[in-house]
Amino acid sequence: MATPDALLVILRHAPHSSNWLREGLDAALVAAAFGQPVHLLFMGQGIMALLKEQGSGALGQKATLPTIDMLEMYDIDKLWVAEGALQRMHLSTDSLVDGVSLIEDQEISGLLQQHAKILNF
Amino acid sequence: MIKYGFLVMGAPYSSPAPHSALRFAHAVLARGHQIAGVFFYHDGVHNASSLMTPPQDELNLREAWTELNQQHAVQLDVCIAAALRRGLMSESEAQRHGRQAFNIALPFELTGLGQLLELQQRTDRLITFA
């Protein structure tokens with residue numbers, strides 16, 4: 001699963017509570033548009049970005065789900081989800097968008113080691 | 001010698017990130033390492049505001065960054081998308097968007113996210129301060 005030179009973008013914030021998720025996704029999309037292989041790791045509240053039935057936020061906040069749906073067009077198809085975060089929020093993969101890969105918390109350090117380039121949002 | 005790049009995402013006076021970044025910058029420069037550039041993203045873009053006016057007995061963070069640029073030729077890039085949505089823009093952007101004021105000026109430069117990826121490519125270490 002290691003792609004040399006791939007950029008790992010870690011997303012740890014939920015949609016709407018801040019601009020972290022949106023700006024993290026923007027960085028991932030720009031890297032992909034520049035032809036860099038991009039992998040995503042959703043941790044903590046970041047996994048909420050993948051909930052498939054989410055709506056837009058309050059007071060005119062843009063929804064982030066359309067951006068998640070766009071990832072495939074940018075050849076971003078490695079979406080890791082921290083399994084521990086799913087369990088802590090009592091969510092199952094059924095409630096997430098298709099095509100995610102679960103990763104156990106103790107395997108995350110190995111994933112980080114496989115990537116020389118990491119951006120953490 | 002290690003070549004560093006910084007990604008600063010914390011706002012001045014709200015987050016310790018800019019202070020930490022500047023202290024780290026001076027520490028690595030004192031040890032003979034190099035800092036190729038700083039990229040300001042997320043709330044970190046506020047570091048570039050030329051209207052920043054803290055009380056006189058407090059460090060002016062924008063001036064501290066400017067000094068880093070002048071003394072050590074550290075490039076200071078500000079993400080244009082993150083800056084515009086937070087009300088920071090250069091004179092040319094102000095004209096383009098029909099605004100009556102601007103608050104980003106040299107040595108800070110508005111640029112795209114591609115510049116962050118380029119900084120990561122050409123440095124040994126990209127350190128995030130958030």
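Two residues are in contact if their C-beta atoms, placed from the backbone, lie within 7 Å. By this criterion, the contact between the chains takes 11 residues from chain A and 10 residues from chain B. On the side of chain A that touches chain B, α1 (20–33) and β5 (117–120) of chain A each supply at least two residues. The most comes from α1(A), with 6 residues. By class, this side of chain A has 5 nonpolar, 3 polar and 3 charged residues. Here Ala, Val, Leu, Ile, Met, Phe, Trp, Tyr, Cys and Pro count as nonpolar; Asp, Glu, Lys and Arg count as charged; the others, Gly among them, count as polar.

The model is predicted: local features need pLDDT of at least 70, side-chain atom pairs count only at pLDDT 80 or more, and totals for chains, interfaces and linings use all residues. Residues are numbered from 1 along each chain as its sequence is written, while chains are lettered from A and ligands numbered from 1 in the order in which they are written.

Chain B has 5 helices and 5 strands. These are DSSP runs, numbered from the N terminus (helices: H or I, at least four residues; strands: E, at least two). Along the sequence, the elements of chain B follow the pattern β-α-β-α-β-α-α-β-α-β. The C-alpha trace of chain B spans about 45 × 35 × 25 Å along its principal axes. Its radius of gyration is 14 Å, which agrees with the value near 14 Å for a compact globule of 130 residues. That radius is taken over C-alpha atoms, and the globule rule is 2.2 Å times the number of residues to the power 0.38. Of the contacts in chain B with a separation of 6 or more, 72% are between residues 24 or more positions apart. Buried residues make up 41% of the 130 residues in chain B. A residue is buried if 20 or more other C-beta atoms lie within 10 Å of its own, exposed if 12 or fewer, and partly exposed in between, with C-beta atoms placed from the backbone.

The 5 strands of chain B form an open sheet in the order β4-β3-β2-β1-β5, with parallel pairing. Two strands pair if DSSP finds at least two bridges between them. At the edges stand β4 (108–111) and β5 of chain B, each with a single partner strand, so one side of each is left without a neighbour in the sheet. Neighbouring strands of this sheet are turned by 25° against each other on average, direction ignored. Axes are lines fitted to C-alpha atoms, for helices over the stretch in contact, and angles run from 0 to 180 degrees between N-to-C directions.

Strand β1 (residues 3–8) of chain B is mostly covered, with 5 of its 6 residues buried. On one partner, β2 (residues 34–40) of chain B, 6 bridges join the parallel strands. Lys3(B) has Gln34(B) as its bridge partner in β2(B). Gly5(B) is likewise partnered in β2(B), by Gly37(B). A further 5 bridges join β1(B) to β5 (residues 125–129) of chain B, also in parallel. In β5(B), Phe129(B) stands opposite Val8(B).

Within strand β2 of chain B lies Ala36(B). This residue is partly exposed, with 17 other C-beta atoms within 10 Å. Not counting residues up to four places away in sequence, Ala36(B) touches Lys3(B), Tyr4(B), Gly5(B), Gln75(B), Leu119(B), Arg122(B) and Thr123(B). The C-alpha atoms of Ala36(B) and Asp124(B), 88 residues apart along the chain, are separated by 9.9 Å.

Backbone geometry was also examined. Most residues other than glycine have a negative phi, and most peptide bonds are trans. His42(B) is not a glycine, yet has a positive phi of about 50°. It sits in the loop between β2 and α2 (61–72) of chain B. With 25 C-beta neighbours inside 10 Å, His42(B) counts as buried. Ala73(B) also has a positive phi, of about 55°. This residue is found in the loop between α2 and β3 (75–79) of chain B. Ala73(B) is exposed, with 12 other C-beta atoms within 10 Å. A cis peptide bond joins Leu106(B) and Pro107(B), with omega about 10°. Pro107(B) lies in the loop between α4 (91–96) and β4 of chain B.
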